[in-house]
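Colleague: I'd like to learn how to read a few features off a model like this one. Can we walk through it together?

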Amino acid sequence: MQVEHLLSLVTLLPAAAAVLFGLIPGRFAAAHRWLALLVSLLVFGLSCFIWTGFDANTGIFQLTERLDWIPQYGISYHLGVDGISLLLVLLTTFLVPVVILASWRSVSVNPKGYYISMLLLTTGMIGAFLALDLFLFYVFWELMLIPMYFIIGVWGGPRRIYAAVKFFLFTMVGSVLMLVAILYLAWHHGVYTGGPPSFDYLDLVVSAPHIAMGPTFFSSAPMLLFAAFGLAFAIKVPMFPFHTWLPDAHVEAPTGGSIILAGVLLKLGTYGFLRFNRGLFSQEVWDAYVPLIIVLSVIGIIYGALVALVQTDIKKLVAYSSVSHLGYVMLGVAAGTMASTQGAVLQMVNHGLSTGALFLLVGVVYERRHTRLIADYGGIAKVVPIYTAVFILVTLSSIGLPGLNGFVGEFLILAGSWKVQPVAVVFAGCGIILGALYMLHMVQRVFWNPMVHEENRQLKDMNARELIAVLPLLAFIVWIGVHPNTFLEPMEAAVRLLLTH
Amino acid sequence: MVPTAADLIAVLPEIVLAVAAGLLLLVEAFLGGRLRHGVAVLVSLASILVAGWLRITMPLTGDVWGGMLQIDQAAAFVDLYILAALLLTVLMAGPFLARNQIDRGEFYSLLLLSGIGAMIMACSVDALALFLGLELLSIPLYVLNAFLRKTAISVEAGLKYFIVGAFASGFLVYGIALLYGGTATTNLVEMGRRVAAAGQLTPLVAIGLAMVVGGLCFKLALFPFHGWAPDVYQGGPTPVTAFLSVVPKGAALIALVRIVGGMDLVTVSSRWILVGGIIAVASQSLGNIVAIVQRDIKRMLAYSGIAHMGYAMVAIVAGGKDGGSAVLVYLAAYTLMNIGAFAAIAYMSERESEPHFISDLAGQGWRRPVVALALTVCLFSLAGVPPMVGFTGKFLVFRAAINHGLVLLAVLGVINSLISAFYYLRVVYVMYMEPLPRREPAFPRSALISAVAAVTALAVVAVGLFPTPLLRFADEAVRYLLPG
């Protein structure tokens, strides 16, 4: 089936619903909950039409929509999807209903505001993946900031205000410099073509690689522009040493916020690297930065894993594991071979699924016991067998067991990077061992060690709602692990085009 | 000189306002009882709407009053924005004055007179008319600031504003005299043409120019002439603060664009970019950094206002048509979000004689959702977060800077807006993330003020999402503002 203006519909429907939600009085909490779920499922359903209407044989942008927005400055409302953004958009629309289900009971204060924030955030995320105009991209990119700030700050844990402000300011540090870079690119386009300036990605792909290099770093506009974009995305990923906001944000955010943060927001950083840093700059500039990105990625992999090893809080452990896992994604992006890049994109989806599931599962026991300390659990495998089984499956996915999704992504990244960056691959390989160590060590202490806390005997197993939320995630974890080609095929042409442009 | 009919018709909107201002004094004198205040508000609203309607429908006649005033697209842009600010201020002032028992007709009369001054300043192409406009703008404001005459800080605000304002006027008029000495004309267009033709600044012109720019910087509260702003903002009645924070600044900015742009100062003087850049960056940095430690929200907005004029200054320094149009758009954006913010503050304040502590807003996000949301939108807009109109303004300002090769100014500007996000966010989290205090402040409810805040906030988002008409109007206006 073909739907007119499909991309706009998927992008703007959540925001339109959010405005509508504003008119429903807050005392109808159940209505807000069910409507939010309904809207998010509808958006997911619509986004499936993007998949069915998508032609995997070509790497160019499809289903494009273009409207003049501020024509005198070369700004347009331009959306389009290629194989890379397709997967990430589907990941987003897929995770939002999961998040709403996961927040069903835990968000009891002002649920109206929570769901409005979540829907606005959805529009921001989808829009940022689909935007083909850099001004539009920036608007969506910043649009994500405000709802997430509220989600952490209003519905978060004890140190939520600190975490929310830190999240906001860190992200903004990167994005304001990116704004200057975007303005420069648009201005340069006008100079290069002798015509009007343009913020259109497809225009800038042509003109941006031609910005002249200077003799030194600080006189080389492309190097500085790359750094401006790179900083914005490196903070979002987050790459070492810009990761310090992440553990705070994750620990303080409510479960739903953590799932979205880990599942989608971080991917915008890695996506940005691929789309803009890789797509807009000449090979020369890219090559100059590759060593730096590789080194920071590898440090991130090892450092994230080592810090995760000593965490006492499960959520913090998962947060640091994200730093480590996204290191692999960045390694794959930086290595820049066909296999490593495909692996990186797939690993973005994988991380979204498995870490999203982990945060959801941590939320499940937190709702019951109001603690996330590993030491407060122990021996609960017998009490909550279903929970244990699900948790272990997700853990295995996260540490890259063959047959599950994590393995495919990591294997492609490491195998693809081996030819060009063997040393980095050796270090990254050590990271995998550390990854298994910290995850299994945590599982051991939470589920098996002797039960020392009597209150854990009364722990209830997962209920139907929680199972409904987590089962789709498990299904995809297995699907990608068993038959990754379903997901690799659509992106192949797009990745090839990006790498060879 | 005897004015012709054409001269009078050209300034009909100003005349309407002036008649209304006179009428208001009569109303005050002859009408009694509770009717009086309502009539005063209605008369002022009607006169503002009529003036706006006249400005929109009447032909723009160009040079009038012997070349003293120029009624063109630029004047129309600024007039409409001044009238909009007046309208919102009057709407906000009605309930506010009644609540504080100062509901007197003189208030509106003075406000209208001040607005006329700003409108004259905006369309004057002659230094003397400019000065006349500035005085007419300022003198009523001195009185208005002290309108809470039983409150010490209000009287103090009025007095401070008066003394500093007198200084600024002195600067300006002395500078005008020197410029006249150096160029032998008081016509700004001609003056600009002569300076640009000379290709350099003679010492006389340079000193005169410095004094004129300094005088205008006083009005704009730009570094190093910003000292008065916090006390005046804090002390004055909130609707007056809202008016004061946008209208005189707008008029002064237009004058600055006319003078600096007309002289083509960027090419005439090698030092201008340095001097202007320092004023811009120092205002931004000082405003933003000092705003962080403020506990009174009106003082905080005073410092934020200093920073915002610093951003606008970036576009003036960049120069050119795109710089000029960025200034106009920035003004419109700043007016909307600032008036919205002050309306919300006027709503959420117990007694005007007390400081407006940010901490008093704790928990109000859920208690008064409409006004709090309006304030939030305006604050995010002030911080320059899209899709609010504040972002559009900043975007154009930094775009102008980059187009003219001033990348450093753009970078320092965005770093400054990052710093500003910190203190704007603080108000937001106090409202939404901190619990209501045990003794909840008793904010008197006023549907009118909350409507002003809500409508302004809506406009902030709407214009931010669809800025094209505003940008087109500004582009059109700037062609008249900077001819050639």
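This is a predicted model: local features need pLDDT of at least 70, side-chain atom pairs count only at pLDDT 80 or more; totals for chains, interfaces and linings use all residues.

Colleague: Which residues of H19(A) are buried?

Modeller: For that label you want 20 or more other C-beta atoms within 10 Å. In H19(A) the buried ones are A:Phe487, A:Leu488, A:Pro490, A:Met491, A:Ala494, A:Val495 and A:Leu498. Their cover includes four helices of chain A: H3 (83–102), H11 (255–280), H14 (338–369) and H18 (464–482).

Colleague: Now chain B. Where do the buried residues of H21(B) sit around the axis?

Modeller: First, who they are: B:Leu470, B:Leu471, B:Ala474, B:Ala477, B:Val478 and B:Leu481. They take up an arc of only 130° around the axis, so they are on the same side of H21(B). The length check works here too: 14 residues (468–481) should span 20 Å, and the end C-alpha atoms are 20 Å apart.

Colleague: And what covers them?

Modeller: The cover includes strand E1 (62–70) of chain A, along with H4 (73–99), H11 (238–262), H15 (320–347) and H20 (447–465) of chain B.

Colleague: How many residues are in contact between chain A and chain B?

Modeller: 27 of chain A with 26 of chain B. On the chain A side, H5 (134–143), H6 (145–155) and H7 (160–193) each supply at least two residues, with H7(A) giving the largest share, 15 residues. By type, that side has 22 nonpolar, three polar and two charged residues.

Colleague: What about the largest nonpolar core?

Modeller: It has 397 residues, and those with the most contacts inside it include A:Ile182 and B:Ala344. Beyond its neighbours within four places in sequence, B:Ala344 contacts B:Val371, B:Ala374, B:Leu375, B:Cys378 and B:Ala453.

Colleague: Last one: why does B:Leu25 count as partly exposed?

Modeller: Because it has 15 C-beta neighbours inside 10 Å, and partly exposed falls between 12 or fewer (exposed) and 20 or more (buried). B:Leu25 lies in helix H2 (residues 12–30) of chain B. Setting aside residues up to four places away in sequence, B:Leu25 touches B:Gly105, B:Glu106 and B:Ser109.

Notes:
Residues are numbered from 1 along each chain as its sequence is written. Chains are lettered from A and ligands numbered from 1 in the order in which they are written. The expected span of a helix is 1.5 Å times one less than its number of residues. The arc is that of the directions from the helix axis to the C-beta atoms. Two residues are in contact if their C-beta atoms, placed from the backbone, lie within 7 Å. Ala, Val, Leu, Ile, Met, Phe, Trp, Tyr, Cys and Pro count as nonpolar, Asp, Glu, Lys and Arg as charged, and the others, Gly among them, as polar. A nonpolar core is a set of buried Ala, Val, Leu, Ile, Met, Phe, Trp, Tyr and Cys residues joined through C-beta atoms within 7 Å.
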